[in-house]
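Colleague: I am new to this structure and would like to learn how to read it, one feature after another. Could you show it to me and begin with the idea that I need for its surroundings of DNA?

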There are 2 protein chains.
Amino acid sequence: MRREVTLRDVAELAGVSSRTVSNVVNGYANVTERTRERVQRAVEELGYRPNVLARNLAQGRSGQIAVVVPYLDTPYFSELLQSVIRAARVSGYNVLIDQTDGDPEHERAFIADGSRRLLFDGVIFSPLGLDQQALTNRDRRLPLVILGERSSDGSFDHVGIDDVAASRQATEHLIDLGRQRIAAIGDQPYATGEAAQRRTRGFREAHAARGRTPREDLIISTPRFNRPDGAQAMEHLLDLAEPPDAVFCYSDLVALGAIRTLLSRGLRVPEDVAVVGYDDIEDGRFSNPTITTISPDKEMIATTAVERLLLRISSPTPPAGLELRAPHKLIIRESTAGRSTPG
Amino acid sequence: MRREVTLRDVAELAGVSSRTVSNVVNGYANVTERTRERVQRAVEELGYRPNVLARNLAQGRSGQIAVVVPYLDTPYFSELLQSVIRAARVSGYNVLIDQTDGDPEHERAFIADGSRRLLFDGVIFSPLGLDQQALTNRDRRLPLVILGERSSDGSFDHVGIDDVAASRQATEHLIDLGRQRIAAIGDQPYATGEAAQRRTRGFREAHAARGRTPREDLIISTPRFNRPDGAQAMEHLLDLAEPPDAVFCYSDLVALGAIRTLLSRGLRVPEDVAVVGYDDIEDGRFSNPTITTISPDKEMIATTAVERLLLRISSPTPPAGLELRAPHKLIIRESTAGRSTPG
DNA sequence: CTACGCTTTTGCAGCGCTGCAAAGCAAAGC
DNA sequence: GCTTTGCTTTGCAGCGCTGCAAAAGCGTAG
């Protein structure tokens with residue numbers, strides 16, 4: 001395998017200094033048209049390609065940002081990621097993706113271990129079970145933007161929707177439909193379940209706002225927010241003496257799992273049990289029935305996150321950590337409203 | 001911001017040469033226990049972290065591999081990616097993900113533009129609309145493994161399932177169910193639609209094998225393999241004078257879209273129309289009805305691809321390009337078999 | 001006591017690029 | 001004609017690490 005073509009090779013052929021070649025290649029100003037052309041020709045003749053590694057080292061930056069998510073195959077994250085990649089690309093950044101499998105240890109390692117720090121100029125992090133302390137003790141030199149449920153300690157930005165309000169809205173929708181026994185699937189009453197707990201809080205607030213008391217036995221915990229979790233939780237609920245007539249699910253996947261159980265038990269959605277989901281993933285727009293859901297503005301979350309991160313990267317003094325709220329809305333579909341055009 | 005701690009700083013504090021520190025940090029053999037300890041202490045005291053960029057440059061490798069897929073939010077790809085990331089991580093590789101949006105131009109650029117070459121040691125590429133020529137003209141120095149439908153020209157490996165056989169199997173299943181008018185959704189009768197065309201070939205072969213002739217007007221082309229494509233194609237099929245009583249969909253997403261249309265038109269699946277999908281994504285296991293599908297062994301595809309890529313990376317002389325077939329199977333679910341436990 | 005062989009440590013060069021500051025040069029001003 | 005000004009180009013050092021080969025240390029054999 002022949003040696004790589006370097007700047008110096010090009011410089012020699014073009015009869016200029018290697019620094020000038022660098023200037024041309026990087027499109028710096030103040031290069032004569034004549035010189036530029038000559039260099040260009042040499043570049044093409046030799047098939048020169050800049051060595052990104054060397055450039056990174058010399059510049060002390062990598063032109064990459066990392067996005068860390070728990071699971072890639074969770075539609076919410078993959079949809080979000082897609083938007084992040086697009087937004088980053090516009091600014092000339094590559095995106096390195098890391099999947100933590102929701103393992104708090106892995107998450108902590110990623111934040112704490114600065115050795116990979118130089119591989120990317122900043123990180124967009126969507127933690128699942130990360131404790132606040134790990135965030136606070138991290139290497140502050142790495143620009144960070146957090147997605148999801150977490151409040152900023154001032155050293156990073158946080159982008160998310162108002163989960164409590166959104167959950168309250170979803171629950172109120174069920175109450176206003178006249179449902180009497182409303183269940184919630186997805187609580188996680190332990191340290192790393194902050195996200196879930198906010199949704200439970202909204203669920204409770206909705207009941208309080210309508211002068212109701214939630215039935216505690218209808219609040220079901222699940223280890224994750226996946227289809228099987230929803231399916232299993234629903235099984236449990238249907239086995240109760242007084243099963244629910246409505247369910248607020250903490251993700252659309254949970255809702256899809258729950259609906260699957262309901263239908264296979266011969267129940268009708270929404271006639272027998274109304275279902276609300278969360279995330280507005282594409283599945284929910286094509287499922288049978290389609291799913292009423294909380295729709296966070298993913299596009300805005302992604303672009304805001306990238307924008308703030310790039311600001312942090314380019315800023316010599318770290319900007320104050322901001323709490324950024326993206327908008328959300330309740331989208332009503334068949335799983336609560338029924339089929340509009342009855343087949 | 002203070003200067004980074006370097007190997008030399010550690011060396012000075014520990015009273016050894018920087019090369020020795022490097023040896024310790026990298027766990028090289030032949031370091032006295034005494035020396036190792038002294039260095040370790042200095043490392044900890046200064047909070048030294050190796051500079052990955054510098055290491056990469058010195059070693060001429062990056063320890064990263066890239067995976068290029070058309071869409072991240074397509075479950076098939078995100079499920080596959082997840083397996084690839086896991087497999088790569090086991091071997092100490094990071095995964096850089098790039099999304100082409102299925103844009104042939106973007107795909108070509110990725111392959112042709114060697115400038116990013118050094119950012120990663122190899123590429124696993126799942127092309128959509130890439131012509132064979134771009135593959136052949138590429139920079140051969142970059143180790144490459146292709147996923148999906150493509151045949152190797154000997155300069156890279158190709159991992160995929162036997163699409164023709166799988167499609168034939170899916171279609172034969174529908175024929176054997178006694179269906180008379182079997183449609184196919186997802187053909188792409190143009191240069192970049194190789195993948196789709198193999199499925200169409202299998203579809204035809206199945207008919208031939210059973211002494212049937214496929215109805216040409218029931219073979220529907222779609223621009224992509226998404227839910228909306230399936231929904232729309234199904235609309236079209238149902239508007240025909242003689243609509244189909246079975247559909248072979250070229251992806252599970254297409255199947256989900258098609259089923260959505262069927263149900264909202266008041267038709268029953270599978271009683272009125274049986275549906276087979278392709279990919280075995282999780283959605284299809286929880287949808288209503290669940291989807292009969294071709295299940296490629298994604299885990300094996302991922303681990304094989306990573307394994308072959310790492311072999312290419314570490315091999316001084318490029319190994320011959322292999323055609324690697326992963327197994328697949330037909331999984332029969334409700335969309336053709338009906339509900340086993342009628343609700 | 002010297003020689004030898006083995007393990008451990010070192011010094012140096014250099015990966016390929018860019019930052020910096022100085023040098024070169026042409027046009028403009030006195 | 002000589003200096004000033006402003007644009008181009010250059011040379012050099014160095015980013016922080018590792019490969020290489022030589023040097024040093026050390027125990028054992030002759």
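Modeller: A residue is near a molecule or strand if one of its heavy atoms lies within 4 Å of it. With that cut-off, 25 residues surround DNA strand D, and the closest are T20(A), T35(A), L7(B), S22(B) and Y48(B). This is a predicted model, in which local features need pLDDT of at least 70 and side-chain atom pairs count only at pLDDT 80 or more, while totals for chains, interfaces and linings use all residues. Residues are numbered from 1 along each chain as its sequence is written, chains are lettered from A and ligands numbered from 1 in the order in which they are written, and side-chain values use heavy atoms, with hydrogens and water left out.

Colleague: Which parts of DNA strand D lie within 4 Å of the protein?

Modeller: Of the atoms of DNA strand D within that distance of the protein, 66% belong to sugar or phosphate, and the rest belong to bases. To go further we need the polar contact, which is a pair of N or O atoms within 3.5 Å; within protein, one must be able to donate a hydrogen and the other to accept it, and residues adjacent in sequence count only if both atoms are side-chain atoms. On DNA strand D, a phosphate oxygen is 2.7 Å from an N or O atom in the side chain of T32(A). From chain B the backbone takes part, with an N or O atom of L7(B) 2.5 Å from a phosphate oxygen and one of N51(B) 3.3 Å from a phosphate oxygen.

Colleague: Which element gives the most to the surface near DNA strand D?

Modeller: Helices (H or I, at least four residues) and strands (E, at least two) are DSSP runs, numbered from the N terminus. Helix 4 of chain B gives the most to this surface, with 4 residues. By class, the surface near DNA strand D has 10 nonpolar, 11 polar and 4 charged residues, where Ala, Val, Leu, Ile, Met, Phe, Trp, Tyr, Cys and Pro count as nonpolar, Asp, Glu, Lys and Arg as charged, and the others, Gly among them, as polar.

Colleague: Which residues come nearest to DNA strand C?

Modeller: Of the 25 residues around DNA strand C, the nearest are L7(A), S22(A), Y48(A), T20(B) and T35(B). Sugar and phosphate make up 68% of the atoms of DNA strand C that come within 4 Å of the protein. From chain B, an N or O atom in the side chain of T32(B) is 2.8 Å from a sugar or linking oxygen of DNA strand C. Helix 4 of chain A supplies the largest share of the surface near DNA strand C, namely 4 residues.

Colleague: How are chain A and chain B related?

Modeller: Two copies of a chain are related by a rotation about an axis and a shift along it. Here a rotation of 180 degrees with 0.0 Å of shift along its axis superposes chain A on chain B, with an RMSD of 0.1 Å, the superposition being made by least squares on the C-alpha atoms of residues with pLDDT of at least 70 in both. The two copies are therefore related as by a two-fold rotation axis. In chain A, the C-alpha nearest the axis belongs to L96(A), 2.3 Å from it. The same surface serves both copies, since 100% of the contact residues of chain A recur in chain B, contact meaning heavy atoms within 4.5 Å.

Colleague: What should I look for in the backbone?

Modeller: Most residues other than glycine have a negative phi, and most peptide bonds are trans. In chain A, a cis peptide bond joins V269(A) and P270(A), with omega about 10 degrees, and P270(A) is placed in the loop between helix 11 (252-264) and strand 9 (274-278). In chain B, V269(B) and P270(B) are also joined by a cis peptide bond, with omega about 10 degrees. Positive phi values occur at D279(A), near 120 degrees, and at D280(A), near 55 degrees.

Colleague: Is D279(A) buried or exposed?

Modeller: Buried means under 20% relative accessible area, exposed over 50%, and partly exposed in between (1.4 Å probe, protein chains only). D279(A) counts as buried because its relative accessible area is 10%, and D280(A) is likewise buried, at 7%. Both D279(A) and D280(A) lie in the loop between strand 9 and helix 12 of chain A.
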